[in-house]
Amino acid sequence: MTDMETIVSLCKRRGFIFQSSEIYGGTGSCWDYGPLGVLLKNNVKRAWWRDNVELRSDMVGLDASILMATRVWKASGHLDHFTDPMVDCKACKRRFRSDKIDEEPWTHYCEAAKGNKFIIPAGEACKHCNHRRSLCPACGKGELTEPRQFNLMFKTFMGPVEDEAAVTYLRPETAQGIFVNFDNVLQSMRLKLPFGIAQIGKAFRNEITPGNFTFRTREFEQMEIEYFVMPGTDEEWHQRWLDERFAWYPKYGMTKENLRLREHEKDELAHYAKRTADIEYKFPMGWSELEGIANRTDFDLKQHAKFSGRALEYFDEETKQKVVPYVIEPSAGADRATLAFMVDAYNQEEVRGEKRVVLRFHPELAPVKIAVLPLLKKNDRIVETAKKLCADLRKRWYSVYDDTASIGRLYRRQDEVGTPFCVTVDVQTVGDDKAAADDKVTIRDRDTMQQIRVPLANVPEIMSKLMEGAWAEIAASADYKIPAKESSSL
Ligand SMILES: [Zn+2]
Ligand SMILES: [Zn+2]
């Protein structure tokens with residue numbers, strides 16, 4: 001298993017993810033996606049959107065605003081229930097979640113050992129005096145306040161006046177934007193049950209203990225579906241969505257053994273949920289939630305109808321009756337999915353005595369699909385041919401041109417960012433005074449490191465097949481095989 005430090009370090013070194021405001025010392029738990037990270041995350045979101053919206057006739061999309069009417073959060077229950085129990089240290093003023101406080105090592109000044117300072121493992125007692133933690137775990141000196149409920153929503157002010165009337169919140173989930181638009185979408189699109197509304201967007205939670213890189217952050221991006229069904233068919237639809245969503249991650253290369261389903265216990269169910277199950281991924285810090293799939297019943301639509309005074313119902317043509325649909329909610333995190341795909345793709349192996357780091361991204365998710373590399377950067381015809389090929393390929397697949405190192409180094413660089421294919425233009429491609437051009441280029445596969453030689457003109461057509469996983473088949477074709485003695489470069 002890869003540790004998180006390795007991933008964090010690769011992410012920074014290769015332009016995937018940087019700490020936010022790093023030159024100012026960083027902010028707690030905020031991260032910026034760099035040039036390759038934004039490509040990767042956009043690819044994850046695009047795959048999700050295409051599979052869940054564009055390829056389904058029962059789904060439509062939405063992009064609601066982050067700031068909403070304050071009453072929304074009263075109706076949804078977030079103002080009253082979206083809280084964590086907090087304690088504060090009276091000395092150092094640090095704040096802790098009272099239900100998680102003993103999950104971290106604690107600082108102890110032991111009177112039985114001349115007042116010396118010890119850092120004691122989480123949940124353990126001091127070996128010298130046998131006391132357990134009673135003071136602040138961070139400074140070891142301050143007393144803690146009684147627990148009080150702390151709302152996780154970010155509060156802000158709408159308009160120029162900072163008074164209570166103008167208080168608003170950054171949305172803690174995208175779901176409510178869908179519920180409040182239920183009737184708008186239903187009427188404008190003339191939808192029939194069952195149907196779903198999907199949305200990708202930012203949400204904000206003032207987490208007391210964020211951490212584990214991009215896993216738990218205060219600003220994050222959700223990929224949510226609210227799927228409206230006839231009451232009574234909800235349990236069946238819930239199961240269908242569980243199966244569907246569980247199969248989605250392996251479709252893009254995620255290892256099945258690193259995924260599992262975890263059913264919520266009755267006492268951990270959210271106030272609106274009838275049943276919830278999480279898809280968990282085996283992250284470096286352990287099994288953790290990747291996506292939650294909840295049966296939210298008719299709770300939200302009924303609450304919003306009650307608080308807004310507007311009916312949020314569906315007219316069933318068959319029974320000629322109005323019903324309030326039940327809702328199945330598959331709620332995934334774009335950042336978590338991106339991190340999981342990253343962790344899952346990471347491989348370190350030894351090739352001819354040398355370390356090779358390779359990200360085995362599915363071609364759909366890989367930030368760069370093709371790298372076009374000139375074997376000699378001083379040969380104008382090679383460079384010109386390579387640049388032209390790169391520009392052609394770019395129209396369909398994000399491709400890069402690189403001539404800043406030897407070919408072996410260039411291959412390793414592309415392996416490390418997960419580029420599925422490299423295309424090399426060499427002297428034979430363009431010809432020289434000794435030999436005529438063969439108008440062929442070499443394609444190298446990231447995973448097998450095998451190479452084939454194909455006509456320059458056929459590269460786009462062959463790439464279409466390779467992107468769909470046809471490497472083994474194409475590499476086996478006698479037309480493209482490279483005689484062993486000629487395949488010198490790694
Ligand atoms: Zn303290
Ligand atoms: Zn002690």
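How many bridges join strand E14 to strand E15? I put this down as my opening item, bearing in mind that I am working on a predicted model.

**Entry: E14 and E15.** I looked up strand E14, residues 275–283, and strand E15, residues 286–297, and found that the two run antiparallel and are joined by nine bridges. For one position in the pairing I checked Asp 278, whose bridge partner in E15 is Gly 292.

**Entry: E15 and E18.** I then turned to the pairing of E15 with strand E18, residues 326–333, where the strands are again antiparallel and six bridges join them. Here I picked out Ile 293, which stands opposite Pro 330 in E18.

**Entry: the sheet with E4.** I next asked myself in which order the three strands of the open sheet lie. The order is E5-E4-E8, and the pairing is antiparallel. I recorded strand E5 (95–97) and strand E8 (148–151) as the edge strands, since each of them pairs on one side only.

**Entry: E4 against E5.** Within that sheet I looked up the contact of strand E4, residues 83–88, with E5, and found an antiparallel pairing over three bridges. Which residue of E5 does Met 86 stand opposite? I found Arg 97 in that place.

**Reminder to myself.** Strands of a sheet pair through backbone hydrogen bonds, in either the parallel or the antiparallel sense.

Terms used
Residues are numbered from 1 along each chain as its sequence is written. Chains are lettered from A and ligands numbered from 1 in the order in which they are written. This is a predicted model: local features need pLDDT of at least 70, side-chain atom pairs count only at pLDDT 80 or more; totals for chains, interfaces and linings use all residues. Two strands pair if DSSP finds at least two bridges between them. Helices (H or I, at least four residues) and strands (E, at least two) are DSSP runs, numbered from the N terminus.
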